[in-house]
Structure formats: C-alpha cells, structure tokens
Amino acid sequence: MIIAVAVLVTAGAITAYVMLQRRRTAVLTAAGFGALAGGTTRRATIRRHLPYALLLAALPILLIGLARPQAEVAVPRVSGTVLLAFDISNSMKATDVQPSRLAAAQQAAVGFVEEQPDSVDVGVVVFGEQALLTQAPTDDHTLALAAINRAAASGGTSLGQAILVGLGTITGKPVTLPQDGAAAPNLGYWPSATIVVFSDGADTGGPDAEAAAELAAAAGVRIQTVGVGTAKGGTVEVDGFQLAATMDEAALTSIAQVTGGSYHQAGDAGALADTTKSIDLRLTSKKEPLELTAPFAGAALLLLALGALLGTRWHGRIV
C-alpha cells in the first residue's frame, strides 16, 4: 500500500515540476528570453535540473522508509542436538591421563557444555557393556552438567551399543542393527544431530560399532570421537588384578569417518579440554526479520542533502 502511495506522490511531484518548468519556459520565451529558458549548454541544463531531480528521487525512498520495510535474512547459528556419550568401562579408571581418563573426559565435557548457546540441546549417555541415557537432550545445560558429573566407571565397553542408544534418543524410537541380511531401518534424516563419544576405543563386545555408525550416517547423524588416553596406555585394578588399559585410535577414527565426523586425540587433561573446543557442530541458519528503515532513511537524507547543497551552490536557494 505504501509503495503505491509513494509512486502516486512521486508521480504527482514530477508532474508538478515538469508543468512548472514548462510554464517558466513559456514566460521566458514570451519575454524574449527563449535561449535562457532552454539553457545554453548541456552543462547548464544539468545544473538547472539536477538538484531538483535529487530532491524528487529522495521522496519515494523516504516514503517507503516511513512504512518500516523489513527483509528476511538467514542468520547463521549453532543449533540442534548434541549427545555426549561417555565410556564408563573399567579402562577409563586408568591414570595415564590425570586425574583419570573418565575424570579428565568429564572436565573437558563440562567446559564444552558451558560454551554452548541455549540453541543447542545437550543430552548425556553413559556406556559400558550396555548404554544408558542419563539425561535427555535439553536446553537446560545445568541438567546435562549434573548428569556428566554423576558418571562412574565399571564394567566393559560397547561402542556399538552407545551409538545405537544415541540414535534411539535422537529418533525417538529403539534402534537395533538389522539381522540376517535384513534391510537397514529407516530412521529418517537428522542433520542437526551430533553424537560426541568420549572413549579410549577399547571395545570389548556388543553390536558392531562400524555397522552402527553406518546407520548413523544414513540418518544424517554425525559422530565426533574424542580419544581419552595415551599411546603408552596405563593399568587399572579390577577384582584384585592389574589389567592393561590400552588405546584404540584406529577404531575411534573409523567410527567418526564413516559419518563424516572427525577423531580428536588428546593425551592429557589440558589437551583434552582444548580438543573439545575444536569439535565441529552443525551450523544452521534461521530466518530473522531485518528492519530496513535506517538504510532507506539514510539514502533519502543523503539525496536531500546533496540536492540542497547543489541548489544552494548553483542557484542560491534550495527550491
């Protein structure tokens, strides 16, 4: 509506200007000053009409600006769902990363969560031989932090089970690997979801982790893996026995790469905390209204000022 008004008002102003110039030309011609009316040179014609042309050009821009026009712009932001999956097997008690592998992973994850905006829902899964959702994804990050700090180590490791429970949380339905050559389940497509696995990668059984990662890839879910431990490894005491706690970086790398994610290696607590800062989450965009009043008003004022300046300089008056 305002555009139509702006067009009509501007057209009326241009028509009035043209009629005024024609009347002025007729008067000067009748008085014997025809050459003066038409202008003696092209430069003189420009000097005569340009200030008023600028003033007239500012009119529709100013009228449209008064209507407070808006445009929708895509604003990039980090958003979606992040599931933090913690390996709580006995090997995570090893102290080759101080104070222990699990404690260092918890500290790093806490720092990671505290840096996330409230547009990211964070959930927590813990896994040993089985996996358990201890905090559903939420934008209340204090709940996620509490779940992270509750984790305690015991038992074996099943990376595959952790991935399947993570996928079930994201899709809202139980997820299992297809059996006996059956077709893979249709989980839908969840490109804004990421699973971050904190583990030493020492898988001791359960569903095949790479096959579970392939299900995640088909669903658009990316898996980022964080290796917790050192190449030298460590030892843990289980039921009175000293057992070696090794690292399997190859397994963690393969799981991440299947889904288009990355493996992040950290050999000490400080490096582990830095590593979580490099975890790449999904960058999405949200359309937000942007008011254009200021640009329109600025352009109109610029034209008005320029027209007034030229009119004053060339003709000794603004209009």
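This note sets out numbered points on the fold, cores, aromatic pair, helices and selected residues of a predicted model.

1. Basis. The model is predicted: local features need pLDDT of at least 70, side-chain atom pairs count only at pLDDT 80 or more, and totals for chains, interfaces and linings use all residues. Residues are numbered from 1 along each chain as its sequence is written, and side-chain values use heavy atoms, with hydrogens and water left out.

2. Overall composition. The protein contains 10 helices and 10 strands; these are DSSP runs numbered from the N terminus, with helices being H or I of at least four residues and strands E of at least two. Of its 319 residues, 42% are buried, where buried means under 20% relative accessible area, exposed over 50%, and partly exposed in between (1.4 Å probe, protein chains only). The protein exposes about 16,400 Å², and carbon and sulfur atoms supply 60% of this area; accessible areas come from the Shrake-Rupley method with a 1.4 Å probe, and for residues only the protein chains shown count as cover.

3. Range of contacts. Contact denotes heavy atoms within 4.5 Å. Among contacts between residues at least 6 apart in sequence, 79% join residues at least 24 apart.

4. Nonpolar cores. A nonpolar core is a set of buried Ala, Val, Leu, Ile, Met, Phe, Trp, Tyr and Cys residues joined through side-chain atoms within 4.5 Å. The largest has 31 residues, of which Leu84, Phe86, Val113, Ile148, Val196, Phe198 and Leu272 touch the most other members. At least two residues of this core come from each of β2, α4, β3, α5, β5 and β6 (222-228). Helix α4 gives the most, with 8 residues. Another core lies apart from it and has 30 residues, among them Phe127, Ala162, Ala219 and Tyr263.

5. Aromatic pair. The structure holds 1 aromatic pair. The ring centres of Phe86 and Phe198 are 5.0 Å apart and their planes lie at 5°, so the pair is stacked. The criterion is that rings of Phe, Tyr and Trp (its six-membered ring) pair if their centres lie within 6.5 Å; planes under 30 degrees apart count as stacked, over 60 as edge-to-face and the rest as tilted. Because Phe86 belongs to strand β2 (residues 80-87) and Phe198 to strand β5 (residues 193-199), the pair ties together parts that are 112 residues apart in sequence. Phe86 is buried at 1% relative accessibility, and Phe198 is buried at 0%. Not counting residues up to four places away in sequence, Phe86 touches residues including Ala105, Ala109, Val124, Ile148 and Phe198.

6. Helix α5. In α5 (residues 141-150), the residues His141, Ala144, Leu145, Ala147 and Ile148 are buried. They cover an arc of only 160° around the axis, which puts them on the same side of α5; the arc is that of the directions from the helix axis to the C-beta atoms. The face turned away from this buried side carries the exposed residues Thr142, Asn149 and Arg150. The buried residues of α5 pack against β2, α4 (101-114), β3 (120-127) and β4 (131-138). His141 itself has 13% relative accessibility. Not counting residues up to four places away in sequence, His141 touches Val113, Gln116, Pro117, Asp118, Val120 and Val122.

7. Helix α6. The 13 residues of α6 (residues 159-171) should span 18 Å at 1.5 Å a residue, and the end C-alpha atoms are 18 Å apart, which agrees. The expected span is 1.5 Å times one less than the number of residues. In α6, 13 of 13 residues are buried. Just after α6, Gly172 takes a positive phi of about 80°.

8. Strand β4. Ala131 is placed in β4 and is buried, with a relative accessible area of 17%. Leaving aside neighbours within four places in sequence, Thr134 is in contact with Val124, Val126, Ala147 and Arg150.

9. Loop residue Asn90. Asn90 is found in the loop between β2 and α4, and it is buried, with a relative accessible area of 16%. Leaving aside neighbours within four places in sequence, Asn90 is in contact with Ala153, Ser154, Gly155, Val236 and Val238.
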